[in-house]
Amino acid sequence: MKKKLYKIEQGKKLDGVCGGIAEYFDMDPTLIRLAWILFTALGGSGIIAYIIAAIIIPKKSDVVNGL
C-alpha cells in the first residue's frame, strides 16, 4: 500500500500537520514540532509553511474515505 501524507485528527496540537508528518516518516511528533519551532525561529518562514501545509494537506478521514 502506498503511503499518504495527511493531517492527524487525534492528538493534534494546532491543525495536525506535525503529527501527520511524524506518522508519514514514522517519527515522534514532538521531534517534528521542535524542528518546526527551530525552523520558525531561525528563518521565520516556518509560520507561512505551516499555514500552507494546513491548507494543502488533507485530513486523515478524507484520505481514508477517498475524498
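This is a short chat about a predicted model of a protein chain.

Me: Before we start, what should I know about the model?
Reply: It is predicted, so local features need pLDDT of at least 70 and side-chain atom pairs count only at pLDDT 80 or more, while totals for chains, interfaces and linings use all residues. Residues are numbered from 1 along each chain as its sequence is written, and side-chain values use heavy atoms, with hydrogens and water left out.

Me: How many helices and strands are there?
Reply: The protein chain has 4 helices and 0 strands, where helices (H or I, at least four residues) and strands (E, at least two) are DSSP runs numbered from the N terminus.

Me: How many salt bridges are there, and which residues form one?
Reply: The count comes to 1 salt bridge, meaning a side-chain nitrogen of Lys or Arg within 4 Å of a carboxyl oxygen of Asp or Glu. Lysine 7 pairs with aspartate 15, and their closest N and O atoms are 2.9 Å apart.

Me: Is lysine 7 buried or exposed?
Reply: Lysine 7 counts as buried at 8% relative accessibility, whereas aspartate 15 is partly exposed at 25%; buried means under 20% relative accessible area, exposed over 50%, and partly exposed in between (1.4 Å probe, protein chains only).

Me: Switching topic, where is isoleucine 55, and is it buried or exposed?
Reply: Isoleucine 55 sits in helix H3, which covers residues 46-56, and isoleucine 55 is exposed, with a relative accessible area of 67%.

Me: And what share of the chain is buried?
Reply: Buried residues make up 27% of the 67 residues in the protein chain.
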